Amino acid sequence: MNSKTISQGILRAIGILTGIILVLYFLYKIQSVLIYLAFAAVIALIGRPIVLFLRRKIKFPNTLAVILTMVLMIGLLGGIIALFIPLITEQGKNLSLLDIDQLQSNLNSLYKEITQYFGASPEVVTEIIEESELEKNLLEGFDIGFIPNFLNSFVGVLSTFSIGLFSVLFISFFFLKDSKLFQKGLLTFVPDDKESGMVKSIDKINNLLSRYFVGLLLQIFILFVIYTIVLLIVGIENAIVIAFLCALFNIIPYIGPIIGGVIMILLTMTSNLGADFSTVILPKAGYVLIGLVIGQLIDNFFSQPFIFSNSVKSHPLEIFLIIIIAGLLFGVVGMIVAVPGYTAIKVVSKEFLSENKIVKSLTGNL
C-alpha cells in the first residue's frame, strides 16, 4: 500500500464524512417539513381504512373516497377545536380582568387550608422552608404575572399552527390519494434486487400501523368517555374539554397518564376555590382520583393489550422495554414514536434478515 492509496482513502473518508454532515445539517434545517410529513403520514394511516371501506364496500371512486375522508377528518378536528373556543373565550375574559393579587391570595388560602387539614400549621411549614434557606413561601414566590405575557405570544403561535395545519392536510390528501406516493419515493433509494421485498415490507407496515393508530384513537376515546362521566358527576365546569385534554396525554406512554391525572385533580381543586376544603374540595378531588384509577385500570388491562397484541403483534413486556429505552435515548418524543418505529424495524428485519435467530424470535407473530 503506497502513499497515493492512503491519501485517496483519507480523502474518500473525508468526503463521506463531509457528505454525512451536510445531509444532517440539511435535515436539521428542514425539520419542520419533516414534522409535517410525519404528521401527514399518521393522518394518512388513520384515514386509510376509511378510504378502503368507501372504495371497496360502497364502490366510490378513489378521489371521491379521499375527499370524503378528508372532509370527515377535518370536521372531526373542527369539532375538537370548537370545544376549546368557549373555554378559551371565557378564560380570556377572566384573564383580561384578572386581579393578580386576589388570585395570589386565593392560592395562599387554598395552601393554608391544605396544611391545616393535614395537621401542619402554615407557620410550621414556613419555618421549615426558611430553615432550608428559602426566604419566601413557595406560593408567594410563584409569579403568575406571566399569564398575560403568554397570551400576547398566543397569536404568533396560532399563525404558525395554521400554516402547519394547512401543510399537513395538503400533504395528507396526496398521501391518501396516491397510497404508493411515499413508497415510490422510498424505493428510489433501494437497490433493484431489493425492491420486491421492500414493497412487501411497506404494505405490511401500512397495515399494522393503520390498525395501531386507529386503536390508539379508540383508547383515547374510551378514556375521554370515562373522564367526562366522572367530571360531570362531580360537577366540574368545562368537563368535556378537561377530559379530552387529560385523555390526550395518554399518547405519551406511562408518563402521560400521570401528567393528565395531576392536571385533572389540580383543575378540580382550583375550580372550587373559596369552598370549604374538607367538605367540598377534598371529596371532589377524591372522586376524580377514583375515576382516574378506574380509567387507567380499564386502559391497562383492556385497551393497551388489545392495541399492542392485535395491531403491532408485540408482547406487552417487549413494548414496555422498547418504550423505556426510547425514552432514555430520545425523551418524550422517543416514547411516542417507539412503538411505530419498532414495528417498522421488525417488519423490515423479518423481510431481509429472516434467517437470523434473534429476528426469528422477535417476529414470530408477524
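Visitor: What makes the largest nonpolar core a core, and which residues have the most contacts inside it?

Guide: Keep in mind that this is a predicted model. A nonpolar core has to be made of buried residues of the nonpolar kinds, joined through side-chain atoms within 4.5 Å. The largest such set here has 19 residues, and Y227, L231, I242, A247, M264 and V288 have the most contacts inside it. Two or more residues each come from α9 (195-234), α10 (239-248) and α12 (277-310), with α9 giving the largest share, 9 residues.

Visitor: What is Y227 in contact with, beyond its neighbours within four places in sequence?

Guide: Y227 touches A243, C246 and A247, along with M264, G291, L292 and Q296. Apart from this core there's another, of 17 residues, including I46, L209, I307 and I319.

Visitor: Why is α10 called largely enclosed by the rest of the structure?

Guide: Buried means under 20% relative accessible area, and 7 of the 10 residues of α10 are buried, so the helix counts as largely enclosed. Those buried residues are A239, V241, I242, A243, F244, C246 and A247.

Visitor: How do you know whether K59 is buried or exposed?

Guide: Exposed takes over 50%; K59 has 63% relative accessibility, so K59 counts as exposed. You'll find K59 in the loop between α2 (31-56) and α3 (62-96).

Visitor: What is noted about the phi of K59?

Guide: Most residues other than glycine have a negative phi. K59 isn't a glycine, yet its phi is positive, about 65°.

Notes:
Residues are numbered from 1 along each chain as its sequence is written. This is a predicted model: local features need pLDDT of at least 70, side-chain atom pairs count only at pLDDT 80 or more; totals for chains, interfaces and linings use all residues. Side-chain values use heavy atoms; hydrogens and water are left out. Buried means under 20% relative accessible area, exposed over 50%, partly exposed in between (1.4 Å probe, protein chains only). Helices (H or I, at least four residues) and strands (E, at least two) are DSSP runs, numbered from the N terminus. Contact means heavy atoms within 4.5 Å.
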